[in-house]
Amino acid sequence: MRRVINAVAVATVAALGLAGCGSDSGDSGGSTELELLVPIYGDKTKPYWEDQVTLETQSWDDIYKVVDTKIQNNRAPDILELDAAGPAYAADDLLYKAEEIVSPETMKDIEPSFIDSAKIDGQAYGVPTVASTRALFYNKDLLTKAGISAPPKTWDELLADAKKITALGGGVYGYGMPLGSEEAQAETSIFAYGAGAAWEKDGKMTIDTPEAKEALTFMKQMIDQKVTQPDPGATDRTPLLDVFIQGKIGMMQGLPPVVGQINEKNPSLKWEIAPSPTPDGSPSTLGVADYFVGFNNDEDKQDAIKKFLDFFYEKDNYVKFNDNEGFIPATKSGAEAAAAKPELKTFLESLPDAKFYPATNPAWGATSGAFKSLVGQIQTKPVDDVLEQIQAKADEGS
């Protein structure tokens, strides 16, 4: 879920009113300096951190290479925020356990599904920062014009409704399907998870499965019947979302921040959100989260890390952070506060049924890349061939 730019933040705990934490002297005037490596998702992230800590920013393009270089030079940050690949550093014995970097009270407040999704051999090392599920955004005016009274719940209904919307003409498309290099793995996972697929079993990537074939076959059917935008394999999510916001796409999967983008770019658009359709209408969605992890660089800093993260997760602080970003909180108390926002209702309700990428598996990086470069070929090649190619790339990355 990284966005726009990234930053290195150097936080002095004293700036948080936590003077003395981690200090050997116990002097109330002491402080412990913590280095945070955190992503900036949008225009409000940097001001938020600057309001909390002393912040230095340094732009960089490849977060994984930056972190790896820091580790190789024995300069790992004290706290890192990253997707589920962050907890994977535990495989090299570099991280504190999750319960060692937050208090028991904070741990109890975090939604268990997000903790569980990034465990390594049953042990949690990361605590979720921002969270998201996917849901179906739909254009109310286009559905009404097409004679559709309610959003689709099943794949058959999705296809039928997309046909009716596309038939309106005027450059309107029934369903937006982004299978380009930006986030093809997400669009594919939404359909595949709905069909019961899992991308990992017993530590191995499981891509070429009957469930995945069912999902990709349906996706290909939508493309073949021309109810999507032209050339889905070359379409990225961000520009396609702009087409939806302009009122030219009937339905499209989206994240919570889409709400803010619609309100900013086209507040007159009449839209609603519904659960992602599945083969039989049963609930399923893609869940994504970024995580804080603590590197065990210095035992003297462990207490400071815990106090800093407990401060971050205090209800008012955490709700403000998520309000800025437009994501849904990963804590129970934060979710209760977010429940007052009707636009987040569907996302919050889908949390218990969310399935996640196997991002802690070392082979997921190659697998995700294979989805991005290959899955769009279903518009011209047999599904079996495409799945076989992706499985081969996943096996190479194992």
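**Close-up 1. Helix α7 at the lining of the largest cavity.** In this predicted model, helix α7 contributes the most to the lining of the largest cavity, giving three residues. The elements that supply two or more residues to this lining are α7 (184-194) and β9 (249-254). The largest cavity holds about 60 Å³ of space, and a search of the whole structure finds one cavity of 30 Å³ or more.

**Close-up 2. Residues that line the largest cavity.** The lining is made up of Arg134, Pro178, Glu183, Ala186, Glu187, Ile190, Arg237, Met252 and Gln253. By residue class, the lining of the largest cavity divides into four nonpolar, one polar and four charged residues.

**Close-up 3. The aromatic pair of Phe137 and Phe347.** The count of aromatic pairs comes to 18. One of them joins Phe137 and Phe347 in a tilted arrangement, with 6.1 Å from centre to centre and 45 degrees between the planes. This pair links distant parts of the chain, since Phe137 lies in strand β5 (residues 135-139) and Phe347 in helix α14 (residues 345-350), 210 residues apart. Phe137 and Phe347 are both buried.

**Close-up 4. The aromatic pair of Trp364 and Phe371, and the cluster that includes these residues.** Trp364 and Phe371 form a tilted aromatic pair, whose centres are 6.4 Å apart and whose planes stand at 50 degrees to each other. Trp364 is buried, as is Phe371. Together with Tyr193, Trp199 and Tyr357, the residues Trp364 and Phe371 form one aromatic cluster.

Technical notes
Residues are numbered from 1 along each chain as its sequence is written. This is a predicted model: local features need pLDDT of at least 70, side-chain atom pairs count only at pLDDT 80 or more; totals for chains, interfaces and linings use all residues. Side-chain values use heavy atoms; hydrogens and water are left out. Rings of Phe, Tyr and Trp (its six-membered ring) pair if their centres lie within 6.5 Å; planes under 30 degrees apart count as stacked, over 60 as edge-to-face and the rest as tilted. Helices (H or I, at least four residues) and strands (E, at least two) are DSSP runs, numbered from the N terminus. Buried means under 20% relative accessible area, exposed over 50%, partly exposed in between (1.4 Å probe, protein chains only). On a 1 Å grid over the protein atoms alone, a cavity is a set of points where a 1.4 Å probe fits but cannot get out, and a pocket is an open set with protein on both sides within 12 Å along at least five of seven lines; lining residues have an atom within 4 Å of a point. Grid points are joined across faces, edges and corners, and a volume is the space filled by probe spheres set on the points. Ala, Val, Leu, Ile, Met, Phe, Trp, Tyr, Cys and Pro count as nonpolar, Asp, Glu, Lys and Arg as charged, and the others, Gly among them, as polar.
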